[in-house]
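Subject: Structure handover

Hello,

Here is the structure I said I would pass on. Please look it over before reading the notes below it.

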Amino acid sequence: MASYGRNYLARPLHPNSSDPEFYEVKSRGKKHEVAVGDFLELQTTSNNQAVIETILPRNNLLFRSDAFRSKSIAANVDQILLVLATEPGFSPDLLGRAAIAAAHEGIELRILLNKTDLKEQLLKARELLAPYQHLGIPIHEISAKFDAHGMASLEPFLGGKVSVLVGQSGMGKSTLLNQWIPSASAQTREHSTKLDTGKHTTTACRYYDLPASWGMKDGRLGALIDSPGFQEFGLAHLSESELQHAFTEFAPYLGKCRFHNCTHSHEPGCAILDGVSQTQISPTRVKLFNQLVHESRNATIQTQGHQSL
Ligand code: GDP
Ligand code: ZN
């Protein structure tokens with residue numbers, strides 16, 4: 001239900017009347033890296049404390065990583081809600097990476113362009129989003145602060161699903177969460193007291209149930225998982241081949257380059273670059289691909305370096 005560093009809160013899936021609302025959960029040593037949304041088997045150690053026995057197999061795990069460490073965002077999610085805004089301008093790089101993480105894990109991506117009441121930068125935002133619209137990713141223009149009706153019209157896209165909210169800070173993620181789940185700040189305070197996070201409430205991930213009236217799936221409520229705002233979205237854990245497949249628009253061109261070890265950056269007879277010149281593939285996407293391959297290789301070199309020490 002909530003994670004802060006290596007401290008977690010979990011709730012019983014089918015609670016008995018004697019069960020506490022939450023267990024404070026610890027992992028034994030560094031064995032278990034848990035994410036919000038995980039299903040756990042616990043061994044209780046006191047009334048409201050427990051240690052992790054097992055993490056049940058996941059449908060997916062959204063995480064980011066650079067050459068040195070990785071950070072789990074959420075597990076077992078149905079969709080990613082990427083919150084962008086007209087102002088301050090969002091990072092197209094982060095948008096591109098979120099799309100790759102989603103495609104790799106087989107999670108739906110839905111883009112929420114917030115603060116569309118601020119019209120000045122709206123066209124620019126739409127321009128940056130055009131390649132993603134072209135890829136068929138749904139984009140909703142919203143104003144979390146000023147358009148409650150528009151926000152309510154999104155409820156059918158969330159009902160019965162577990163959605164994770166991601167975005168840079170300042171995009172309006174908290175405003176949006178509180179608009180959809182008015183009790184969110186009260187729940188956050190309760191979680192924070194139990195997790196003893198003190199002031200660091202914004203560095204935790206949290207799980208909020210959605211109202212039953214929004215819809216159920218397999219007898220379960222939908223949920224929103226809030227993650228801390230971040231500026232970097234490293235995908236160093238993806239191999240070159242995984243990256244190629246996560247750029248779904250590359251699919252018709254893969255295997256058609258002149259050289260079998262083509263890096264799609266400068267080679268003659270590159271089918272991907274031909275796709276760009278025929279405007280079937282956006283040049284910014286190829287640039288992102290090359291950057292991600294570069295980071296992935298660097299990470300491999302770093303890891304090998306560590307192992308040989
Ligand atoms: P977070 O860092 O992503 O959680 O962003 P916040 O929810 O704290 O919002 C950042 C700022 O944007 C705050 O000053 C909000 O009042 C403002 N904001 C949020 N949503 C909207 C919106 O729809 N329109 C406008 N004009 N401002 C908004
Ligand atoms: Zn190529």
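This is a predicted model: local features need pLDDT of at least 70, side-chain atom pairs count only at pLDDT 80 or more; totals for chains, interfaces and linings use all residues.

Residues are numbered from 1 along each chain as its sequence is written, chains are lettered from A and ligands numbered from 1 in the order in which they are written, and side-chain values use heavy atoms, with hydrogens and water left out.

Ligand site

There are 16 residues around ligand 1, and Asp 117, Gly 170, Lys 173, Ser 174 and Thr 175 come nearest. A residue is counted as near when one of its heavy atoms lies within 4 Å of the molecule. By type, the shell around ligand 1 has four nonpolar, eight polar and four charged residues. In that division, Ala, Val, Leu, Ile, Met, Phe, Trp, Tyr, Cys and Pro count as nonpolar, Asp, Glu, Lys and Arg as charged, and the others, Gly among them, as polar.

In Ser 174, a side-chain N or O atom is 2.3 Å from an oxygen atom of ligand 1. In Asp 117, a side-chain N or O atom is 2.8 Å from a nitrogen atom of the ligand. In Lys 115, a polar side-chain atom lies 2.9 Å from a ligand oxygen atom. Ligand 1 taken alone exposes 580 Å², and the protein buries 72% of that. These areas come from the Shrake-Rupley method with a 1.4 Å probe; for residues, only the protein chains shown count as cover.

Helix 5

Helix 5 (residues 173–180) gives the largest share of the shell around ligand 1, namely three residues. Helices (H or I, at least four residues) and strands (E, at least two) are DSSP runs, numbered from the N terminus. The buried residues of helix 5 are Lys 173, Leu 176, Leu 177 and Trp 180. Seen down the helix axis, these buried residues fall within an arc of 100°, so they line one face of helix 5. The arc is that of the directions from the helix axis to the C-beta atoms. Buried here means under 20% relative accessible area, exposed means over 50%, and partly exposed is in between (1.4 Å probe, protein chains only).

Ser 174 also belongs to helix 5, but counts as partly exposed at 48% relative accessibility.

Residues in strands

Gln 79 is in strand 8 (residues 79–85). Is Gln 79 buried or exposed? Gln 79 is buried, with a relative accessible area of 0%. Its side chain makes a polar contact of 3.1 Å with the side chain of Arg 110. A polar contact is a pair of N or O atoms within 3.5 Å; within protein, one must be able to donate a hydrogen and the other to accept it, and residues adjacent in sequence count only if both atoms are side-chain atoms. Leaving aside neighbours within four places in sequence, Gln 79 has contacts (heavy atoms within 4.5 Å) that include Ile 107, Phe 157 and Val 164.

Ser 65 lies in strand 6 (residues 61–65) and is buried at 7% relative accessibility. Not counting residues up to four places away in sequence, Ser 65 touches Ser 70, Gly 234, Leu 235, Ala 236 and His 237.

Glu 24, in strand 3 (residues 23–26), is partly exposed at 25% relative accessibility. Its contacts, leaving aside neighbours within four places in sequence, include Tyr 8, Asn 48 and Lys 194.

Residues in loops

A cis peptide bond joins Glu 87 and Pro 88, with omega about -10°. Pro 88 is in the loop between strand 8 and helix 1 (92–105).

Asn 76 has a positive phi, near 55°, and is not a glycine. Asn 76 sits in the loop between strand 7 (70–75) and strand 8 and is buried, at 11% relative accessible area. Asp 218 likewise has a positive phi, near 50°. Asp 218 is in the loop between strand 13 (216–217) and strand 14 (220–221), and is exposed at 71%.

Regards
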